[in-house]
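The following note comments on the model shown below.

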Amino acid sequence: MKICVHGIGYIGLATAALFANAGHDVVGYDPNERLVSELRAGNPRTTEEELRTFVLDALDNGFEPADEPVEADCHLVCVPTPYDEESQMADLAYVEAAGRTVAEYLRPGDLVILESTVPPGTTEDAFASVLENSGLTAGEDFALAHCPEMVLPGNITYEIVHNDRIIGGIDTASTDRAVALYEPLVEGAIHRAPDATTAEFVKLTQNAYRDVNIAFANELARVAHDYGIRSRDAIALANVHPRVDVLQPGPGVGGHCLPIDPWFLGQSSDSLDIIESARRINEGMVDFVAELLEGEVGPLAGTSVAVLGVAYKGNVDDSRHSPGLRFADLLRAVPAASGTEAEATATDGGQTGHDTGVDVRLHDPYVDDHDGSLGLVDLEDALRDADAVVVTAAHDAYRDIDPKMVRELVSRPLVVDTLSCLDANAWRDAGFDYVEV
Ligand SMILES: NC(=O)c1ccc[n+]([C@@H]2O[C@H](COP(=O)([O-])OP(=O)(O)OC[C@H]3O[C@@H](n4cnc5c(N)ncnc54)[C@H](O)[C@@H]3O)[C@@H](O)[C@H]2O)c1
Ligand SMILES: CC(=O)N[C@@H]1[C@@H](OP(=O)(O)OP(=O)(O)OC[C@H]2O[C@@H](n3ccc(=O)[nH]c3=O)[C@H](O)[C@@H]2O)O[C@H](CO)[C@@H](O)[C@@H]1O
């Protein structure tokens, strides 16, 4: 079958590779020319080795990255769906733009599948009506279904084949067509949702569930701190119960999915309560990290802090909604102490140096900062003369750092391990005060 995948980022690329490796004729259309040319040159953007091989195999099997869409029997849409903080609504601009493109190429009998995560009702309402600009009617002239993607970044190649899938069409015939497309490729079970809106709701439910459960762990971390005990010991012991499975606390929840999908669930409902609290707790974890830091160094104004990890979690390159960046913003908002040079630079517009109370140095070995917008520096520059090292992504590369090397560079031996990913004893033996969330 000829398939056109619209959007070949994290999800679309893996999906295009899945179909191409199964023998379909796949074109991956993306308006990002740099991405397309890197792929054409055989250089997929990913930190996952298995995924790299999977995509390279797909390119060998005829997968064609393209900066123009094509006519196809099936159009699969995998474009971003960010959250607009101002309107507190899902930003469906990319989905609608992709829908308009598909409409231009749509023919009677084609199948359209929306994989992007969207608020309940989007496939049947906004997306269908954009597609109908083609002059064709959804359900009559073309089939339309929602098939949410559920892969875990870090384990995409395995999960894209082995996960169960939920498929909901706008009618039974659309569901049948979509099920028939995925069934031969996936090892997991395929579950038919009663309709597209239920399929959308289910995807959001899964991510809201995880967000709420992480919030529970984060709340326990704060409570345990008040009692002077280690939350991770308590959680490990609580989890010996057969019906208790508490997750791990950390610096908050990041990524393109968990921080925004719970809000999509509440887009046309006033009934979010525990889900909304969970969001607040998880966003507030960077304040807790700052409190832990202050507890050690006193007022933060005038300090230099190395923040290690701007990816949203360990061993990935995605910095969207990352706790590390949120923590850096919090530090940058600390006003300079009065009478200091930093205060002077703050009032001269920051022309002569760092213009906030905290000198923040950001490092991440995985995140691409080709345009310098994140201001990443190399590890030695981040650590040199730092008053504290704060680890905000559990990269393997950080576990491997030699604390004795770090001791030589920093001005004060203090490490805040927000994910408890370092070897605490090795850091203590190297002379560090070791603090964890
Ligand atoms: N990243 C994840 O872990 C994950 C997992 C499951 C579901 N999802 C969902 O999948 C969707 C895609 O997420 P992602 O992480 O792959 O995003 P991404 O930003 O990595 O990729 C999206 C791609 O779409 C391209 N694009 C933008 N407008 C386009 C258009 N009009 N036509 C064609 N391409 C266009 C962009 O250039 C980009 O390369 C989102 O709805 C997300 O919520 C993401
Ligand atoms: C329901 C579910 O599983 N959905 C997954 C999720 O993928 P993800 O990569 O976003 O998920 P996580 O690995 O959970 O990470 C999220 C953040 O939570 C932090 N975290 C995690 C566990 C913990 O115990 N304590 C924490 O603090 C972690 O550091 C990071 O910041 O959404 C994708 C897109 O929809 C899905 O496709 C994918 O299935």
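How many nonpolar, polar and charged residues does the shell around ligand 1 have?

1. The shell around ligand 1 has 13 nonpolar, eight polar and four charged residues. In this classification Ala, Val, Leu, Ile, Met, Phe, Trp, Tyr, Cys and Pro are nonpolar, Asp, Glu, Lys and Arg are charged, and the others, Gly among them, are polar.

2. This is a predicted model, in which local features need pLDDT of at least 70 and side-chain atom pairs count only at pLDDT 80 or more, while totals for chains, interfaces and linings use all residues; side-chain values use heavy atoms, with hydrogens and water left out. Residues are numbered from 1 along each chain as its sequence is written, and chains are lettered from A and ligands numbered from 1 in the order in which they are written.

3. Around ligand 1 there are 25 residues, of which Ile11, Asp30, Thr81, Thr117 and Arg320 come nearest (a residue is near if one of its heavy atoms lies within 4 Å). Oxygen atoms of the ligand make polar contacts (pairs of N or O atoms within 3.5 Å): one is 2.6 Å from an N or O atom in the side chain of Thr81. For a polar backbone atom of Ile11, the distance to an oxygen atom of ligand 1 is 2.9 Å, and for one of Thr117 it is 2.9 Å. The protein covers 89% of the 830 Å² of accessible area that ligand 1 has on its own (Shrake-Rupley method, 1.4 Å probe).

4. Helix 1 (10-21) and helix 4 (93-105) are the elements that give two or more residues to the shell around ligand 1. Helix 4 provides the largest share, three residues. Helices are DSSP runs of H or I with at least four residues, and strands are runs of E with at least two, numbered from the N terminus.

5. Ligand 2 has 19 residues around it, with Val151, Lys203, Arg210, Cys257 and Tyr312 nearest. An oxygen atom of ligand 2 lies 2.6 Å from a side-chain N or O atom of Lys203, and an oxygen atom lies 2.7 Å from one of Asn207. The shell of ligand 2 has ten nonpolar, five polar and four charged residues.

6. Elsewhere, five strands form an open sheet in the order 12-11-13-14-15, with parallel pairing (two strands pair if DSSP finds at least two bridges between them). Strand 12 (359-363) and strand 15 (433-436) are the edge strands, each pairing on one side only. Three bridges join strand 13 (residues 388-391) to strand 14 (residues 414-417), and Val389 has Val415 as its bridge partner in strand 14.

Technical notes
A polar contact is a pair of N or O atoms within 3.5 Å; within protein, one must be able to donate a hydrogen and the other to accept it, and residues adjacent in sequence count only if both atoms are side-chain atoms.
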